[in-house]
Each structure stands twice: as C-alpha cells, then as structure tokens.
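Work through the exercises below with the sequence and the model open. Each task is followed by a solution in steps.

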Amino acid sequence: MLAMFGQQMQAVVVAWQVYDITRDPLSLAYVGLAQFLPMMGLLIPAGDLSDRMSRKRLLGMSWLLATVCSGLLWLLAETGAHNVQWIYAVLVLFGCSRAFSGPALQSLLPQIVARDQLAKALATNSMLMRISAIAAPVLGGVLYALGGGVLTYAICGLGLLLGTALLSQVPVRFADVKQPAEDDQSSMWQRFAEGIHFMRTRPIILGTISLDLFAVLLGGVVALLPVYAHEVLKVGPQGLGLLRSSMAVGEVCMGLWLASRPINRHVGKVMFAAVAVFGLANMVFALSHWFVLSMLALALAGAADMVSVYIRGALVQFSTPDHMRGRVNAVNMLFIGSSNELGEFRAGSSASWFGAVPAAILGSLCTLGVVGGWMTLFKPLRDVDRLEDAARVGTGKSEVSNS
C-alpha cells in the first residue's frame, strides 16, 4: 500500500507538472513512453531473475531504486528546472525499477498464501492497493497546489522507503524451491524462450494478457485526465486528483465485494462483460462536460476494471507453475505496461492530432471492438467456467484461432 501510494501520487504530480510546463498533450505521451521503453528492454532479465532469485529481495531492490527516482524528481523541483527532458530521464530510470518490481510482486503473492486462499488473496491485495490509489492522487494534487513538487516528491519517496522497510518483514512460506533441472544448464534466452512457448500453448494465458494489452492501450483515458481537468472540466490540480481517485473508488468498492464473494462461475464471460462495461463507461466520460458525471463514469470504469483485473490475474496464476511465474508475469507486466504506458502515448498523441474528446471517444469504440474480436479468437477463454479449470485447458491448436 505504501509503495503504491508513493507511485500513484508521483504519477499524478509528474503528469500535471509536465503539462503545466509544456501545455502540450503530446508531452503526456512521452511520459508514458519514457517508462515503457526500459520495461520492454529489461523484460528478459527481469523475468529470468524473478525465477532464479528471491522475489522478495528483488522487489525490495526495485522499490529502493524507485525511491531514488523520487529523490531525483525532488531535486529537479528544488532547483526549479523547467526542462522536461530531465524529468523524462528520471522516468526512464523509474521504468527500469518497474521492469523488475512488476514480475517480482506478481510472482511473490502465491509464495505468501496457500493455493486454496489464492483467489481471495488476489482480490484482497488488489483492493488494498486501490485503497492507497484513492487517497494518493487527491493528496498529490493538494500537496502540489500547496508546496509544488518539492513537498510532493518528498512524500512519494518516503512512502516507497517505508514500503521497502515493511516488505523485509513479510514471511515467505510457500516458495517452491525446486527448480527444473534443465534451468541449471540452459542460458537466460533459452529459459525465457521456454516461458514464451508455455504461454503460446495456453490460450487462457495468451488471450488474457493480450486482452488487457489491446483493450486498455486503445481505450484508456487516464493520460487525458490532465487535459480534461485543464480544458474541458476546468477543475485545476485538485480536480485532477479527484478524477484519478474516482476510478480507484470504483475499484475499491468492487474489490471489497470480490474479497468477500470471489467470482468463480462463468469467469470467462464475466471478464469479457466487465471489459465491455469499461469501454462504455469511458465513452460516457469522453462525452461528459459535467464534473460529477465524469467522476461517476470513471468510478464505474474502475469497478469494471477491478472485475477484469481480478479474473485475469487469477487465471494467469492458476494456469502457471511456480517455477515459471517470473517469466510469465514478466511478459504479463510488459503487456500491462504496454497497455498503460503505450496507452498514455496513444492517448496523448491522438489528443494532439484530433483533440482530447475525439481521441477518448475513438478509444472507447476500439475497446468494444477488441471485446468482440477476442471473444471470437479465444473461445476457450470465453467458455472457461471456474478459475481452477484454467490449468486443465488443453493446448491443441484448434482451441485458439491462429492470429
């Protein structure tokens, strides 16, 4: 929660600061691109290390690097630097930390809780992180209005540092220390190729992570929130924080429901329905010029996204053996990073070309198109009933259309 708190607050402040300096929507595109490129470049070593060293130690080191990034952003704010190139450089370093923290964090949870509690743990963990995502953007906007980046980045770094300290006390009770014998003989590239082959032969995993990539990459509106706050809704940095938090409120409310009543029937159809609702809610936000309606639309999108995230995460975890989770989750996190960071680039560049409102409308329509296409391409994913069934889905080529 603390680490996510620091990262969420930093995200909203960086976006506001860059747009405040440049007043150019395209600059927001480079915020996402600067974080995505190192994640893509470090995909293979991040996944391999997550399977060959302590995931807890790797996660702690990644969060410490993220703390350094917050310190560098604080230094830039303290010196009054107005060259956004330096901010982009720090975001590249932050992207490096996320490249390793993503697969380590996702692979660590099954080592902390027993398998029969994993579904509830996934929902609870997502809900707890979303709780921090509610307060962080609001507080980030308020702190930036009061003390600028100097105050805000200091709080971000403190949250990451405290999160790292608390992580050292987390016990790891269910780690599978047995590694496949061939891992000791093969190279990093061969081990990663093994993970890619595993994913390609599992339509559940391939369909799940590619759905997130294209649905959010084409339809996400988070990158446009500074533009909407500035130009459309005219609510300032505090309003931007409320917009960011509205989606988190919807996620937390749904997370509380899922933590007590996990979905475990017709999970494939429920997941596709949730992504469709996500696209429709973003469409309402795109067309809204009323602040309250915009907040409600984002809250609904957040609730739908929580359902989708919960089912997608559970399907991947149930489908993957522990010794391969690092590599599989590295690819998964690359797809998630692609959908978020490249989605920000797509949204920012589209807004620069067409305007913010047309870009948001087009993205929502693309999300709905992805839902229909993936329901046709990945029939085993659409038809999966229970989460436990994911590990028993066959690998025949007939089960997934060639694409």
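**Exercise 1.** Is Leu 42 buried, partly exposed or exposed?

Solution. The model is predicted, so local features need pLDDT of at least 70 and side-chain atom pairs count only at pLDDT 80 or more, while totals for chains, interfaces and linings use all residues. Residues are numbered from 1 along each chain as its sequence is written, and side-chain values use heavy atoms, with hydrogens and water left out.

Step 1: take the classes, where buried means under 20% relative accessible area, exposed means over 50% and partly exposed lies in between (1.4 Å probe, protein chains only). Step 2: the relative accessible area of Leu 42 is 23%, so Leu 42 is partly exposed. Step 3: locate Leu 42 in the loop between H2 and helix H3 (43-52); helices here are DSSP runs (H or I, at least four residues), numbered from the N terminus. Step 4: list the contacts (heavy atoms within 4.5 Å). Leaving aside neighbours within four places in sequence, Leu 42 is in contact with Cys 96, Ala 99 and Phe 100.

**Exercise 2.** Describe how helix H2 (residues 25-41) packs on helix H5 (residues 84-112).

Solution. Two packed helices are described by the angle between their axes and the distance between the axes.

Step 1: the axes are lines fitted to C-alpha atoms over the stretch in contact, and angles run from 0 to 180 degrees between N-to-C directions. Step 2: the H2 and H5 axes come within 7 Å and cross at roughly 40°. Step 3: apply the classes, in which angles under 35 degrees count as roughly parallel, over 145 as roughly antiparallel, 65 to 115 as roughly perpendicular and the rest as oblique. H2 and H5 are therefore oblique to each other. Step 4: assign the hand, which is left-handed if the near helix is turned anticlockwise from the far one by less than a right angle, and right-handed if clockwise. The H2 and H5 crossing is right-handed. Step 5: name the residues in contact. H2 contributes Ser 27, Tyr 30, Val 31, Ala 34, Gln 35, Pro 38 and Met 39, and H5 contributes Tyr 88, Leu 91, Val 92, Phe 94, Gly 95, Cys 96, Arg 98 and Ala 99. Step 6: sort them by class (Ala, Val, Leu, Ile, Met, Phe, Trp, Tyr, Cys and Pro are nonpolar, Asp, Glu, Lys and Arg are charged, and the others, Gly among them, are polar). The H2 contact with H5 has 11 nonpolar, three polar and one charged residues.

**Exercise 3.** Describe the packing of helix H12 (residues 291-319) against helix H11 (residues 267-287) and against helix H8 (residues 203-219).

Solution. Step 1: the axes of H11 and H12 come within 8 Å and cross at roughly 155°, and H11 and H12 are therefore roughly antiparallel to each other. Their crossing is left-handed. The contact of H11 with H12 divides into 19 nonpolar, three polar and two charged residues.

Step 2: H8 and H12 pack at an angle of about 150°, with axes 9 Å apart. H8 and H12 are therefore roughly antiparallel to each other, and their crossing is left-handed. The H8 side of the contact is Ile 204, Ile 205, Thr 208, Ile 209 and Asp 212, and the H12 side is Arg 312, Leu 315, Val 316 and Ser 319. By class there are five nonpolar, two polar and two charged residues in the contact of H8 with H12.

Step 3: check Ser 319 of H12. Ser 319 has a relative accessible area of 9% and is buried.

**Exercise 4.** How many disulfides does a search of the whole structure find?

Solution. Step 1: a disulfide is a pair of cysteine sulfur atoms within 2.5 Å. Step 2: the search of the whole structure finds zero disulfides. Step 3: for Cys 156, the nearest cysteine sulfur belongs to Cys 69 and is 12 Å away. Step 4: Cys 156 is buried at 0% relative accessible area, whereas Cys 366 is partly exposed at 27%.

**Exercise 5.** Which loop holds Arg 23, and which holds His 266?

Solution. Step 1: Arg 23 lies in the loop between helix H1 (2-22) and H2. Step 2: His 266 lies in the loop between helix H10 (236-260) and H11. Step 3: Arg 23 is not a glycine, yet has a positive phi of about 55°; His 266, also not a glycine, has a positive phi of about 55°. Step 4: Arg 23 is partly exposed at 47% relative accessibility, and His 266 is partly exposed at 46%.

Definitions and conventions: Helices (H or I, at least four residues) and strands (E, at least two) are DSSP runs, numbered from the N terminus.
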